[in-house]
Amino acid sequence: MRTVRRALGPILRWESMLVVLLALICIVFNQRDASQQAAGLSRRDVFNFASIIRGLRPYMLYSFMTLGMMLILAMGEIDISTGASAALSLATLGVVYQGLTNAGMPNVPALILGLACCLLSGGICGALNGWLVTRFKELYSMIITLAMQLFFRGIAYLLLGGGTLTFRNDPVFDSLKKLYNTVAIGSVNVPVMLFWFAAPALVFTVWIHGTVSGRRIFALGTNRACAYFSGVRTDSIQFWMFALCGLMSAVTAIFFTGATSSSIRADAMGGYELYAIAAAVLGGFSTSGGKGSVPGVVLSLVIFGVMKIGLGTLYGFADSMVNLSVGVILIANTLLLGVGRFFPTGWGQGARRLRIKRGAALHPQGE
Amino acid sequence: MQRPTQTKPSLAFLLVRYREFPLLAVFALLLIGVNLRIPGYLNNNYLNVLKGASINMVMASGMLLVLLIGSIDISVSATLALSGAIAGMLMREGVIDSSALMFAAGILIGASVGALNGLLMSYGRILPIIVTLGMSYITRALIPMDWLLGLNKIARINLTDGFKTLLLDRGFLTLPMLVWIAAVVPVIIGLFLRYTRLGRDIYAVGSNESAARVRGVRVERVKLFAHTVCGATAGLAGILWLGYYNAIEKSTATGDEMFTIAACVLGGVSVTGGYGKMTGVVIGALMIATINSAIPQLRIGSSMITEFIKGILLLGAILLNVAVRRTAGRLERARVWGAGTSNSGASGAEPPAKRRVM
């Protein structure tokens, strides 16, 4: 058994499990699609590669937020204010743009300034979280961000005065919609957002798995005291990661503007933090920190997208049932990761990490 | 039997032990201030404030148990909606035909959701926030839209009206049943926490889990129990909601878990577990209800400012708690390690670190 495990070490990874899961889901949905076609319920196949790629669009919105959340989870913290800070960034974008254009500024620089303010306010929200988390160590980041969530949404409500800002007949503002378009590559309509997502995903992969500063995040999550005494500046890393997470929420907000035909509301993106946490956790980032990989997160985002497309189009589930499945996946997956502990979830450590874990299980005092 | 001589209680001890008194003073000041701005506020509509506070009060007394074991439950508002919706539907369909059964059904539904939370948390070893975040979505999804309850329109009029009058009409001592329930539940839970073994075990688990385990406390069961009680109070709150607002729908009480947690935290409950008292929670819940009802009448701005103020309030309460604990710790250190006052023989040792460096 041991030799088998050693030989299969590089394959027995969480990411491989995700690939298998994705394949299984696709097979099940494909069967369902074929049987529906055979029964004459639908005229054409609704579940194929092109439709999946095109349909991924609405489910890519929170992918940027997931990249930020991932870093927080890798440190063993949690940030449930991301949805609210994204809403606040969205409100900032709208208010700044409206204010500047009303003051007589040309539209294009106003939009650029608005986007800058949007990113800035997201970063400030995150930095505020980070400051509180590092300054008040007696408190869990969970409770701090829970309070900050209410606070950020409150400010967003105040900024917008409870109403909705729309820029319907504004060609410059509508250019944000291009972010939500698709481009035809061959016969497949690929969402532009996929390319926008690929850039930070690649950068994050190289950064957190391949560089010293990235590995320090995982060191922090594995053993904070050990990292501190090895010379890792734990407080500073924590602060900047929270700020980065806020920034990624603001990026989500910009894409969300494109998706919602340029109308801006303070209650936008409620529950996005759940999606982001669920996707990061399914991607292998344990909530207790120190584990996970970016490829896993990308896979899990695709899995969630495919699941939602399939459940919606093939089974006719309402939105709330999709939420239900997200909740079930979140809990079931955390249960599996916690109880099983069989599949290594780090990147580039594979079998060695597995052996260390097995060894640690034999001598539980190391726990 | 010789007892160790009791030293004079330190200022730090008093500060932590009697946190309720400053809080009570703040509450009194708040009431006086509001009453000055809105003449006759207390006489005219304080009963309404009490009614509004009651639902949150019931939930907060369950939440206290969960916070005491160092856990958190943000699925309470979803549990409230689920239990209210199911019980209301059963009543509309005529399955339940007495108010007592309504309460039983609500508590049962809530307790089962809470027990599921507790099971996943203590035996599945999942973080509380993950379990309850997931559970709140699952629970809300279980409330189908066609159960939308317009009870006053389509339900069996007799029972619903009876149920409503029972809850809202003036009863014993001119207070409605709703307020009485909100008064009795915290008293029961408070007495339970203080005088029973299981109640003390909850504090033990919260202040040091491994010590409690070594001491023989069945930590998993205690956690399961705390979450079950929290769910049960949320279920009871669902029934109260049904009687008070007469309708429940899918998005009922969304975000109200924040006010439940805020009531506890404002009352001095430590969110990391192990410290908190029911009296504080009651005052906290009353304060939140007062602020809730006073802000629209004060006309300090748009109604949107309420959200903002609630956020500030929750954050301020949490940080204030930390500040109080830190001050208490500093005073205690100064007392123990101060110039020659120590009688423990450790006066030559280094004082412990001021704050955690990591």
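Why does V297(A) count as buried? V297(A) has 29 C-beta neighbours inside 10 Å, so it counts as buried (the cut-off is 20 or more other C-beta atoms within 10 Å of its own, with C-beta atoms placed from the backbone).

A quick word on the model: it is predicted, so local features need pLDDT of at least 70 and side-chain atom pairs count only at pLDDT 80 or more, while totals for chains, interfaces and linings use all residues. Residues are numbered from 1 along each chain as its sequence is written, and chains are lettered from A in the order in which they are written.

Back to V297(A), which sits in helix α14 of chain A, residues 294–313 (helices are DSSP runs of H or I with at least four residues, strands are E runs with at least two, and both are numbered from the N terminus). Between its C-alpha and that of V188(A), 109 residues away along the chain, there are 24 Å.

Here is what two residues touch, with contact meaning C-beta atoms, placed from the backbone, within 7 Å.

| Residue | In contact with, leaving aside neighbours within four places in sequence |
|---|---|
| V297(A) | T66(A), M70(A), A279(A), A280(A) and G283(A) |
| A262(B) | I288(B), K310(B), L313(B), L314(B) and A317(B) |

Strands pair if DSSP finds at least two bridges between them. V183(A) has V190(A) as its bridge partner. Two residues lie between the strands, and G186(A) in the turn has a positive phi of about 65 degrees.

Definitions and conventions. A residue is buried if 20 or more other C-beta atoms lie within 10 Å of its own, exposed if 12 or fewer, and partly exposed in between; C-beta atoms are placed from the backbone.
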